[in-house]
Every structure is written in structure tokens, then in C-alpha cells.
Amino acid sequence: MLQTLYDYFWWERLWLPVNLTWADLEDRDGRVYAKASDLYITLPLALLFLIVRYFFELYVATPLAALLNIKEKTRLRAPPNATLEHFYLTSGKQPKQSGLSGRQVERWFRRRRNQDRPSLLKKFREASWRFTFYLIAFIAGMAVIVDKPWFYDMKKVWEGYPIQSTIPSQYWYYMIELSFYWSLLFSIASDVKRKDFKEQIIHHVATIILISFSWFANYIRAGTLIMALHDSSDYLLESAKMFNYAGWKNTCNNIFIIFAIVFIITRLVILPFWILHCTLVYPLELYPAFFGYYFFNSMMGVLQLLHIFWAYLILRMAHKFITGKELGGVARPETSGQGSTIRKTQFLRKQFKKGWEEGCPLKKTSSAFNGPTATEQ
């Protein structure tokens, strides 16, 4: 049964145009073609990326943060309290008894909320790592494609398809990009959690599937164009975050405006009207549509919808900036979820207060809740 599934998965009609087989893409006469087995290396490379990231954040990003006077602030932890913890995590029914005064409960919620907030140093280190990778990837990607004829004439993307051999620069560009997105997916649970957490997961999964499929089906020329286009704005966003965390607000705002312009042009103009047109229209001039054609363009459609969603967030932030409001966090950018956490906590406080005002028994306790709270802010 497994063999049957394997044979069906690699059925030529799923991946290649009609009248072509995998035998047509076997290495010969010094010409090397993309193979699925090439991608096995991306998983150990993803783990290597995580190791490199750890040492980069420790020995590069942290000293840079210290140079910019970004420090880890000491936060007081909320004392263990099963009742309040359950209420905080679930926002379920009002507990019948807290054993604390209203002031003590508010102080507990403030400390508990602060525990969930990612530190400024953590956010700076993460942004530094992504900025470094995206900048290097963009420069490398442009070096890979800028001298290729299909960079200037989109029709040449499909010239000779799918009998198009690969070159070492294309191979490594693909392997490094795919490995990096695997590493992002592996670390997403421990990274700074943003409002668009679910969209980020969808984006990473769609990107991994898209890169992998484009390699299987030999959509490599189109794939390199798409990857370079995406990298063209990402490093600007991460640099804006870095300056924002360092307190350089004017620099952050200026870079963010540049990022917004580049993002809109590349993701909402070039991608749909040049790249998507290239992958939707030109292949049909050579071959009838096949499963790979529909699948690839469907995944491109998913990415385009995400770009529209992020463009909305970016334009909303740009509007706040233009109307005189500061960029408190950088749209898709840096929505760390802090606002929603504050609103959630305010709601919990109101519900909890309402509960004990209706007759919940309380016991006054001295404990770790007493004392100055200035350090908690």
C-alpha cells in the first residue's frame, strides 16, 4: 500500500506537463536537474540555522543591544495562586474565593501580565537575526538572478520548460531559503508572539510548500524571482524594529515609510501583475494546464491574500504616522499582542471585581503583595 501511495504521489501527471516523465529530468551530458532528494539537506541545515542564531544573538545582537543601551529589565514575578492563574488563563467563571483584597488582585494581574510580555532585549535580538539574514539573502538572491535573461524578460522563465538544468548558485539559494523558513517554523513557539501569529504560521507553511513544490516541478526560475522579491522589503521592516527598540523613533518612522512603499510596490504591484501573470498565463502557451500548474498558483494566491492583509495593517500604521501619531509597534511588523493582553487583563479585573462585590468571601493577607510597585511598570 505504501508503495502504491508513493507511486501515486510521484506520478508524472501531478508534477509535469503532459508527455513528459521523470526520465526527461535525469542528469546527463554535464547538465544537472532538480531532484526531490536534494531537499533532504534542508532539515539539518534548519537545525544549523537555529544553532547559528543562538550564537549570533548571544555574541552579536546582545553586545549591539548593550551599545544602544537596550537592557533586560528585572520583573517581579506574581506569587503562585492557582485560583487567579486559572482565571487569568481561561477567563472562565468567576472563582468563588480569592483570599486577596482588590488591590492585591490588581497587583497580581499586573505582575502576571508583565511576565507574559517579551522583553525589549528579546525582541531586539530576534529582529537583528532576521535583519541580518534577509539582507544577506536579498543581496545573494539578486546576485543569482540579475544576470539571467528571465530577470528582464518574463517569457524566458518558461523557455525550454521543464527541461531546464540548475546551476550551483540556484541550488544553494533554494536550500538556504528553505532551511531558514524551516527554522522559523521550528522556533515560532518560542519567538515573540504577534497578533498575526496564525497568519505567520500559514505564511511559513505556504512558503515551505511553495519552495519545495517549485523545486520538485522545476519552477526554479520563477521561484528565484519570487524569493528575491520577498526578501527585498523584509530587511527594511526588521531594521525599523531594531531602531524602534533602541528608541530612535525618527529613524524608525522614516525606515518604516520606505518599507511601506517597497512592500506595496513589490507585493501588490510587481507580484500580482508581473510574477503571477508570468506563472498563470505564459505556461498555457506551451502546455495544457496540469495539477502542478493549479497547485503552484493556488499557493501563490494564498500568499497574495496574506500580502493584502499585511498591506492593510501597514497602511493603517502609515496613516497613524502621517496624521501625527507615533508608530508604537510596526504593523505586521511588530504587533506583539501587548495591546490585546492589556485589554484582556482589564476585562479580567472588571469581572473579578464584579464577582467579589456580589458577595465573594475574602481573606485579608499580608504577603508578598505589599510594598512599592514602581518597578512593575
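This is a predicted model: local features need pLDDT of at least 70, side-chain atom pairs count only at pLDDT 80 or more; totals for chains, interfaces and linings use all residues.

Q: How many cavities of 30 Å³ or more does the structure hold?
A: There are four cavities of that size in the structure.

Q: And how much space lies in the largest cavity?
A: The largest cavity contains about 150 Å³ of space.

Q: Which residues are the closest to its centre?
A: Those are Thr207, Ile211, Ile226, Met227 and His230, out of 14 residues that line the largest cavity.

Q: What is the lining made of by class?
A: Seven of the lining residues are nonpolar, five are polar and two are charged.

Q: Changing topic: in the largest nonpolar core, which residues touch the most other members?
A: Tyr219, Ile275 and Met300 do, in a core of 71 residues.

Q: Which elements give two or more residues to this core?
A: They are α2 (12-15), α3 (42-67), α6 (120-145), α7, α8, α9, α10 (249-280) and α11. The largest share, 11 residues, comes from α11.

Q: What is Tyr219 in contact with, leaving aside neighbours within four places in sequence?
A: Tyr219 is in contact with Trp158, Tyr161, Tyr174, Ser214, Phe290, Gly292, Tyr293 and Phe296.

Q: Which residues does the second core include?
A: That separate core has eight residues, among them Ile70, Phe124, Ala127 and Ala246.

Technical notes. Residues are numbered from 1 along each chain as its sequence is written. Side-chain values use heavy atoms; hydrogens and water are left out. On a 1 Å grid over the protein atoms alone, a cavity is a set of points where a 1.4 Å probe fits but cannot get out, and a pocket is an open set with protein on both sides within 12 Å along at least five of seven lines; lining residues have an atom within 4 Å of a point. Grid points are joined across faces, edges and corners, and a volume is the space filled by probe spheres set on the points. Ala, Val, Leu, Ile, Met, Phe, Trp, Tyr, Cys and Pro count as nonpolar, Asp, Glu, Lys and Arg as charged, and the others, Gly among them, as polar. A nonpolar core is a set of buried Ala, Val, Leu, Ile, Met, Phe, Trp, Tyr and Cys residues joined through side-chain atoms within 4.5 Å. Buried means under 20% relative accessible area, exposed over 50%, partly exposed in between (1.4 Å probe, protein chains only). Helices (H or I, at least four residues) and strands (E, at least two) are DSSP runs, numbered from the N terminus. Contact means heavy atoms within 4.5 Å.
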